[in-house]
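This briefing covers one predicted model. It starts with a sheet and its neighbours, then turns to the whole chain.

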Amino acid sequence: PGSDASPFSTASSSLAWRPWASCVAENFRGTQLYSTQCLRCTRQTLRSEPFYGLSLNMNIGSAPRLEDCLAAFLREERLDGPNQYDCELCGKQDATRRVELKGLPPTLVIDLHRFVFDVKRLARLKLHEPISFPHVLDMGKLCGGGAGVYDLTGVVLHRGKSAYGGHYISHLRDEQTGLWYEANDETVTEISTYSVKPTKADSAPA
């Protein structure tokens, strides 16, 4: 979790020469389309680029759900004030921008921004609010068309109160048995049920 780039997006620029590049691309690469429209001349520009994980802002209100974070990520935003769009025809102008997921990968990685920068304190903070997520995620409800349906198979959690330290653990589902396990360094233990609620020292999934 956090405002840092996803490991998949960070690595994507150097995938071409990696021996495992094709495996990563086949399983984790999707396509997103950025659409920006100038509100003065109505000219629209489109930019398509690959992604290897979706980085979502979870600071969107009380008791957020993963579906709410995804909906906020896909919601149209207005570019105005200091964030005006530099239109090729009109110069700096108000505009709208949105992102569409045009191609979803077989395995969808979602990174939640649990670490944020507080401009008043000039420090990084960790958000401790819990977030709910489904065991089955139907992206068709958000993207329409033939978007994928995903089964939850793994969760990474950050244990620690501070954004400057802590420890990561993983919760993983065995696809053969359906049982869940916690991996904490070299220690692996079975989780009796995956209704696990993070403690105050834990984060929600990343």
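Four strands make up an open sheet in this predicted model, in the order β2-β1-β7-β4. Their pairing is antiparallel. Strands of a sheet pair through backbone hydrogen bonds, either parallel or antiparallel.

**Sheet edges and twist**
- The edge positions belong to β2 (44-51) and β4 (77-79).
- Each edge strand has a single partner, so one of its sides is left without a neighbour in the sheet.
- From one strand to the next, the twist averages 30°.

**The β1-β2 pair**
- β1 spans residues 30-38 and pairs with β2 over eight bridges.
- The sense of this pairing is antiparallel.
- Tyr34 stands opposite Arg47, a residue in β2.

**Helix on the sheet**
- Helix α3, residues 66-74, packs on the sheet.
- The strands touched by α3 are β1 and β7 (95-103).
- The direction of α3 makes about 120° with that of β7.

**Whole protein**
- The secondary structure comes to four helices and 16 strands.
- The protein has 206 residues, of which 32% count as buried.
- Consider contacts between residues at least 6 apart in sequence: 54% of them join residues at least 24 apart.

Technical notes
Residues numbered from 1 in each chain as written. Predicted model: local features only at pLDDT ≥ 70, side-chain atom pairs only at ≥ 80, totals over all residues. Heavy atoms only, no water. Pairing = 2+ DSSP bridges. Helix = DSSP H or I, 4+ residues; strand = E, 2+ residues; numbered from the N terminus. Axes fitted to C-alpha atoms, helices over the stretch in contact; angles between N-to-C directions. Contact = heavy atoms within 4.5 Å. Buried < 20%, exposed > 50% of the residue type's maximum accessible area, 1.4 Å probe, protein only.
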